[in-house]
Amino acid sequence: MELVRPELFDFRGVAMTNYFTDNFDNVEKFSAKPDDILIATYPKAGTTWMSHMLDQIYFGENPETLASEPVFHRVPFMEICAPGIMTGVELIENMTSSPRLIKTHLPVQLVPKSFWEQNCRVIYVARNPKDNAVSYYHFDRMNKLQPEPGNWESFLERFKQGQMVFGSWYPHVKGWWERKQTNPRILYLFYEDLKEDTDRELGRLCEFLGVSLSEESRQRVLRAVGFQSMRENNMTNSSSVDPRVLDQKISPFLRKGMVADWKNQFSVSQSEEFDEDYQRKMKDTTLTFRMEI
Ligand code: A3P
């Protein structure tokens, strides 16, 4: 199997590859159930972390269930349509669990309308753009279903210009932030907060979901979602994915799991130029990020 990396193209104003648009007719027609929970993120913001946390909250009492299926099956990626695997929509439609946990990287304007009509709960996780860009770069190096990343310098320029799969980070995080202001069914979380105090954020999450965890369950969830636990867990570390697709020798899927790792990747001038561009692009929003904690 010789995988050819896809090219980016414009899809309704958002840079995309065919792996996320080929099944879009079915994505748009997708029929959500009122108790579906949508986990929405810009790629590499902590999607797998949040997916596993929700899976643990709802289904963790039964460890065999979680130990028998990788998180990317338990929490299907709605818009994916790639060679040799079931589409995200098919996976979701085959689910028998309740609630169904569903992952998406779509910007808010492309989310199928039935999620809004059904008033589904949505958890959005955002991550500061410098760490997000670094994580995305290493992911694109190891994931052959992503466009060629090139070198770091050129990747960073394209990140700033929004030439990334799922488009620009800026309208993605801002668009979801604006929607959250009028939709109380959206919980907007930050990777940095999750990292700073996972227990506190788990509490916010449970309150939003209307779930009450016993002390024992809370401790169990916290243990399960720790970076090291997820790295060692074959159901969350993507070790079952064909290495010709995800080459973990190039970079592990769960790479560092840190805040401010960007300092090891950005040069001083790259950081200064990025900050200037960031200030300009974030002028029109109340949304703020912490580049370190
Ligand atoms: P790094 O590349 O900086 O390590 P996504 O799941 O959206 O693809 O996000 C991937 C990023 O989330 C990776 O960041 C990964 O290591 C990090 N991550 C995954 N699980 C984590 C956890 N339990 N704790 C902290 N970070 C985690």
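**Figure 1. Composition of the shell around the ligand.** Seven nonpolar, six polar and four charged residues make up the shell around the ligand. The model shown here and in the following views is predicted. In total, 17 residues surround the ligand. The closest of these residues are Thr 47, Thr 48, Ser 135, Lys 256 and Gly 257. Helix α2 contributes three residues, the largest share of the shell.

Figure 2. At Gly 46, a polar backbone atom lies 3.1 Å from an oxygen atom of the ligand. At Arg 255, the side chain places an N or O atom 2.9 Å from an oxygen atom of the ligand. At Lys 256, a polar backbone atom is 2.6 Å from a ligand oxygen. The ligand on its own has 570 Å² of accessible area, and the protein covers 97% of this area. Two or more residues of the shell are given by each of the elements α2, residues 47–59, and α13, residues 227–232.

**Figure 3. The open sheet of four strands.** The strands follow the order β4-β3-β5-β6, and their pairing is parallel.

Figure 4. Strand β5 spans residues 121–126. Five of its six residues are buried, that is, under 20% relative accessible area. The strand is therefore largely enclosed by the rest of the structure.

**Figure 5. Pairing of β3 with β5.** Strand β3, residues 37–41, pairs with β5 in the parallel sense over five bridges. Leu 38 has Val 122 of β5 as its bridge partner. Ile 39 has Ile 123 of β5 as its bridge partner.

**Figure 6. Pairing of β5 with β6.** Strand β6 comprises residues 186–190 and is joined to β5 by five bridges. The two strands run parallel. Within this pairing, Ile 123 stands opposite Leu 187 of β6. Ile 123 is also the bridge partner of Ile 39, a residue of strand β3.

Note on methods: Residues numbered from 1 in each chain as written. Predicted model: local features only at pLDDT ≥ 70, side-chain atom pairs only at ≥ 80, totals over all residues. Heavy atoms only, no water. Near = heavy atom within 4 Å. Polar contact = N/O pair within 3.5 Å; in protein donor to acceptor, adjacent residues only side chain to side chain. Areas by Shrake-Rupley, 256 points an atom, 1.4 Å probe, with all protein chains shown as cover. Nonpolar A, V, L, I, M, F, W, Y, C, P; charged D, E, K, R; others polar. Buried < 20%, exposed > 50% of the residue type's maximum accessible area, 1.4 Å probe, protein only. Pairing = 2+ DSSP bridges.
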